Amino acid sequence: MSFEKFADLVLKVSSTTKTLEKEEALCEYFQHADDEEKIFALALLVGKKIKKPFTSTHMKSWCMEVAQIPEWLFEECYLNVGDLSETIALLLPDQPATQAGTLKEQINFLKSLTELEDEKKKSELTNKWNSLSVQERFVFNKLISGNFRIGVSKQAVVNALARLYSISAASVAHRLSGEWQPENISFDELLFGQHLQADLSKPYPFYLAYPLETSLSELGDPQEWLAEWKWDGIRGQVICRAGELFVWSRGEELITEKFPEFELFKTILPDGTVIDGEIVCYRDGKIFPFHTLQTRIGRKNISKQILNGAPAAFIAYDLLEWQGLDIRHRPMSERRSMLESLFDNFYCAGIFTVNKNCPVFILSPLITFREWNELRTIRAQSRLFQSEGIMLKRLNSPYQVGRKRGDWWKWKIEPLSVDAVLVAAQKGHGRRANLYTDYTFALRDGDELVTFAKAYSGLTDKEFAEVDAFIRKNIVEKFGPVRSVKPELVFEIGFEGIAESKRHKCGFAVRFPRMLRWRKDKTVNDIDTIDNLRTIFNLYGGNNAFQESAGKISVS
C-alpha cells in the first residue's frame, strides 16, 4: 500500500460533504491497507501531530525559490487558494512522479530532517517535492504543517471502523482515546483493546450536549431532570489509577503538568477513580473569567506568580469510574449520588484545599427548581455566577460517547452584543478563499472609530456575497492582504464574555465574537460606543460569586 493510496483517500474525503461517502472511503482504505500503514493513517486522522521539522515560513520561502516567483505572486495565489499546503503543491513545477513509498516512510523522512541545518533541509525537501505528484505533495505538505485537517471528523473515523470491524462505536472511541503513538502500538492492539489494561492514563470519550432548541415543555416532567450551571472553563477528566494522576482536556491533550495544584487528588481519591468536570480559576467563593484561565494555557512553566494569580480548581459533575469499574452505564442519578458521597467524605476530612480560600475540588452545585418557568427565571441570572447558562441532564441517562440528542442539553443564555461598523476585511480560506469574509469591526470613541473585534461567522452565503461586493467597491487602503473599507455597514456583534486588555486599542477583549445579524436599518451614526462596551464590562466582566451550600444551589 503506497503513499499514493493514502493521498487518494485524502482526496476522496475532502471532496465530499456527505458523511456516508466519507465513511465509505475510510472503510475501503482500512479494509485494504497494510497493518503497518493503517496505524499511521489512523493516528493522523484522529489528530495525532507530527513534530514540524521547519516552519511554514521556510516552506513558503523554499517554494518561491524553486518555483522562481516573487512573494507578491505567492501571496496572491495563497489568498485565492486559501490553504498553504495546497498553494505550495500547485505552484511547484510539474515533475514526473516516482515511487512515493509508504505513509510511514514519509513520516520517518520528516523526523529525520529535525536535526539538519536549514540548507540541508531545503535540499532534502526539494528533492522530496520533485518525487511526488501534485496530490501527494498536498498531503505531504499537510504532514509538515502539523495540522492535518482534511474535512473528516474523528467521529466519522470511529463510525467507519466500528462498521468495518463490527465493534460498537463507543468501544472504538474509547480505544482511540489517550496518549498512544503509532510507533509504539499495532493497529490490532489499539483497535481490539489489548492496551487498555496497560495504559493507566486512558481517558473516557467525553459525552457532549446538544444546544436546547425545543421548548422546555417537550422535555416532559421537570422532576425527571437534573439542572446545573454551564461553566466557562476547560472541560476535563481527572484520573487516579495506581497512585498516578492524569488530567485530560476534552481535546484529548494530557495537561497534568499545567495544573500542579491537582497533585492533591493523588492523596484524596481512591485508585480507580475517574471524574468528569470543568477546570476553572477560583478564589474566595468566586470563579474568575475565562481569560484568567487562559494565562495558564500554552505556558511551558507554571510560575509561583501564575499559581497565586490564577489558582485552579476542578468543578466535578460526573463520576465515570469507581474502584476501577466503568460505571458510565449506570443512571445519572446514581452516578451523582456516588459523586456526592465521595465529595462529602473527603470534605469532612478537611483535605480538599491547599488553603481555605482556594479549594481544588468543588462539587458542581445543583439548581433546585419545581417548574420549567421557575428555571427560566433562574437561567436569566446565569452571568451572576460566571456561567454561560444551564445544563439539563436526564436523571436516568447513562454517560454516552460524543454528541447525542435526548438526554443532555445545554441551554445557553443570549450572548452579549453591540452594534459595530465594518472597517476592514480580508479574504477567507478554503471555499471562501475568493471572498472577503474575515471582518474587523469598530465602535465609536468620540469622533474616532476604534477597532474592537474580528469576526468571520454568522452570515449566510448570500449575505457574504453581498458584503464582498460592497467591499470591492469601497476599498480605502491596502495593507498586505487587509483592505480598509468605507465605514458604512453595521452589524450586531455577539460575544460570550469580556475582559480588560492592554493589547487592544479599545481596552477590552471579547470572547467568541460573531455576527448575529446585519443591521441594514442602522448607519454608522447609530453604532455603540466604547463607553457602552465599558458598561457591559462593569456588569459582566468582573469576578462573580459562586454560591455553594453542600454542593447545591437554590435561586429564587
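Me: Which backbone oxygen does the side chain of S177 reach?

Reply: A polar contact is a pair of N or O atoms within 3.5 Å; within protein, one must be able to donate a hydrogen and the other to accept it, and residues adjacent in sequence count only if both atoms are side-chain atoms. Here the S177 side chain reaches the backbone oxygen of H174, at 2.6 Å. This is a predicted model: local features need pLDDT of at least 70, side-chain atom pairs count only at pLDDT 80 or more, and totals for chains, interfaces and linings use all residues. Residues are numbered from 1 along each chain as its sequence is written, and side-chain values use heavy atoms, with hydrogens and water left out.

Me: Is S177 buried or exposed?

Reply: Buried means under 20% relative accessible area, exposed over 50%, partly exposed in between (1.4 Å probe, protein chains only). S177 has a relative accessible area of 1%, so S177 is buried.

Me: Where is the place of S177?

Reply: Helices (H or I, at least four residues) and strands (E, at least two) are DSSP runs, numbered from the N terminus. S177 sits in the loop between α11 (169-176) and α12 (187-191).

Me: What does S177 touch?

Reply: Contact means heavy atoms within 4.5 Å. Leaving aside residues up to four places away in sequence, S177 touches K154, K202, P203 and E252.

Me: Which phi does A242 have?

Reply: A positive one, about 50°, although A242 is not a glycine. A242 lies in the loop between β4 (234-241) and β5 (244-249). Its relative accessibility is 52%, so A242 counts as exposed.
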